[in-house]
Amino acid sequence: MKLKQHLAHAFFALICLLSANLAFPADIYSRPDFFPEDQRNLVILDYPHEYDLNPLTASYSIEAQILTGLYEGLFSYNPNTLEPEYAICSSYKISRDKKRWTFTLRSDAKFSDGEPITASSIRDSWLTLLSTEGAPFASLLDCISGAEEYRTGKADADQVRISARDDTTLVVHLKEPTEHLPSLLCHHAFSAISSKPDVYSGPFKLKFYRNGVLKMVRNPYYHDATTVVIPGITIVQTEDAEENTHLYNIGVVDWLTADVDANKILNSESVHVNANFGTTYLFFKNRGGIWDSTEIRQALLEAVPYIKLRAMFSIQASTLVYPLSGYPVVAGLQDYDEEDAKLMMQDARKKAGIPQDKTLDLIFGIYDSPVMRYWAQTLKDAWKPLGVNLITQTTSVEDYNPSIPYWDADLFTYSWIGDYADPLAFLELFRGKSTLNVANYLNPEYDNLLTEAARTTNASDRYKLLSKAEQILLDDSMVIPISHSVSLNIINLYNIGGWQSNALDIHPYKYLYIRRNRKRIPNSI
């Protein structure tokens with residue numbers, strides 16, 4: 001899904017092989033705690049961060065949350081399970097060879113200016129994604145025949161096997177069976193996007209975004225407008241934890257994701273801390289130097305004191321992929337041995353023709369924070385006996401992730417939350433031709449396993465292939481897993497309905513509503 005914003009720190013995909021039958025939430029008007037006259041604007045406080053509201057290029061988790069309100073594609077997330085449910089798509093069918101998907105679109109789907117959303121709208125949106133420079137999720141459409149070739153400039157748009165048979169019929173031809181496609185298409189990058197500016201396909205439309213305040217209002221042309229009952233949402237960016245806590249306690253704020261003193265929240269039931277389907281990790285960036293050597297990286301990782309490196313985190317991680325039910329156990333990174341590391345480095349230097357007494361500089365790209373400084377010092381101390389001098393280069397938090405592709409450093413960090421609960425949500429980050437592969441990792445055996453997994457229809461066999469790929473990545477010493485992500489939301493669910501804790505920390509705005517909280521007083525009449 002998304003890079004988790006560094007300022008902040010659905011477990012399976014619903015796949016139907018032939019004909020989908022995806023359920024909608026119950027009618028909100030039948031709920032006993034819903035009263036139309038109670039509905040009002042929702043106020044959210046968030047961290048200061050310049051939002052990228054372009055669904056083609058946005059990559060932070062908070063942007064993914066906002067874009068659930070402004071844009072929509074063929075499928076959207078179920079608010080409770082995060083399984084895919086119908087959005088602009090009303091049904092679909094898959095051919096016997098599972099390579100041709102035929103989607104039927106709603107006839108009443110419209111953009112916020114009233115223009116119909118057609119099969120051509122979806123096709124044009126996806127082609128625009130494939131041709132957008134720097135679009136991080138574009139390569140996820142490489143499963144479509146001709147998409148990778150068009151994305152990489154080797155073919156024309158008309159060679160991409162996406163066709164609009166008529167206004168409501170979209171036909172997509174795949175290279176290989178891709179059973180998780182509906183889950184993938186929930187992502188905001190695959191939304192219907194108008195060619196006109198300031199036009200939206202989601203339940204809300206943007207009224208303004210300036211000076212750290214974003215305001216969205218209900219989209220009257222939205223196809224499922226009766227489900228959207230709050231008139232609007234205001235998001236205010238702030239970093240004053242004390243003031244944020246006060247504003248929440250006095251009822252000015254409905255939902256708090258910004259800095260907060262959780263110990264001072266008066267209603268402790270409002271504090272929701274949940275493990276996310278995400279991992280924070282360090283990774284090497286291949287850039288044609290000595291650190292591209294697997295043997296040298298293996299020596300480095302043999303010297304890392306993992307317990308110390310992960311000591312600041314409550315949910316420590318030794319693997320990249322967040323543990324999933326049915327996913328085979330992968331040998332993670334936990335043990336280390338300083339003496340073995342020295343011997344491994346000696347052998348690696350000899351093989352690479354590097355003098356044993358030569359000091360090797362390794363550049364660690366960081367942003368200034370206590371955690372990053374702690375990591376840097378821990379690694380510097382661990383690698384010094386190997387003749388490695390760790391040098392830190394620093395940029396701002398805001399510039400950190402966008403700078404990585406162009407930064408001449410050897411080691412970086414990511415906090416990544418999967419877009420759907422599948423190992424591929426992590427493994428795609430290191431596929432050779434992936435637009436998400438900022439590490440420049442290339443291992444044909446790894447890529448072949450991902451391709452073979454895509455061809456496999458048996459879920460257990462597919463997981464086995466993906467776990468083998470992850471094991472190769474770990475054995476190549478490309479990543480150093482640190483922790484699994486944790487989300488913190490302050491929201492009173494006695495007052496706000498339609499919000500559920502979940503592993504992706506995605507809460508579609510369209511389902512939120514103001515609840516009439518009738519507290520029963522014992523022994524009262």
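Where does Lys 98 lie? Lys 98 sits in the loop between strand E5 (89-94) and strand E6 (100-105); strands here are DSSP runs of E with at least two residues, and helices are runs of H or I with at least four, both numbered from the N terminus.

Before going on, the provenance. This is a predicted model, where local features need pLDDT of at least 70 and side-chain atom pairs count only at pLDDT 80 or more, while totals for chains, interfaces and linings use all residues. Residues are numbered from 1 along each chain as its sequence is written, and side-chain values use heavy atoms, with hydrogens and water left out.

Back to the backbone. Most residues other than glycine have a negative phi. Lys 98 is not a glycine, yet its phi is positive, about 65 degrees. Ser 477, also not a glycine, has a positive phi of about 60 degrees. Ser 477 is found in the loop between helix H13 (459-475) and E17.

Now accessibility: buried means under 20% relative accessible area, exposed means over 50%, and partly exposed is in between (1.4 Å probe, protein chains only). Lys 98 has 23% relative accessibility, so it counts as partly exposed. Ser 477 has 5%, so it counts as buried.

Next, strand E13 (residues 271-284). It is largely enclosed by the rest of the structure, because 10 of its 14 residues are buried. Strands pair if DSSP finds at least two bridges between them. E13 runs antiparallel to strand E17 (residues 479-491), with 10 bridges, and Asn 274 stands opposite Ser 487 there. E13 also pairs with strand E16 (residues 411-417), again antiparallel, over 7 bridges. In that pairing, Phe 284 is opposite Leu 411.
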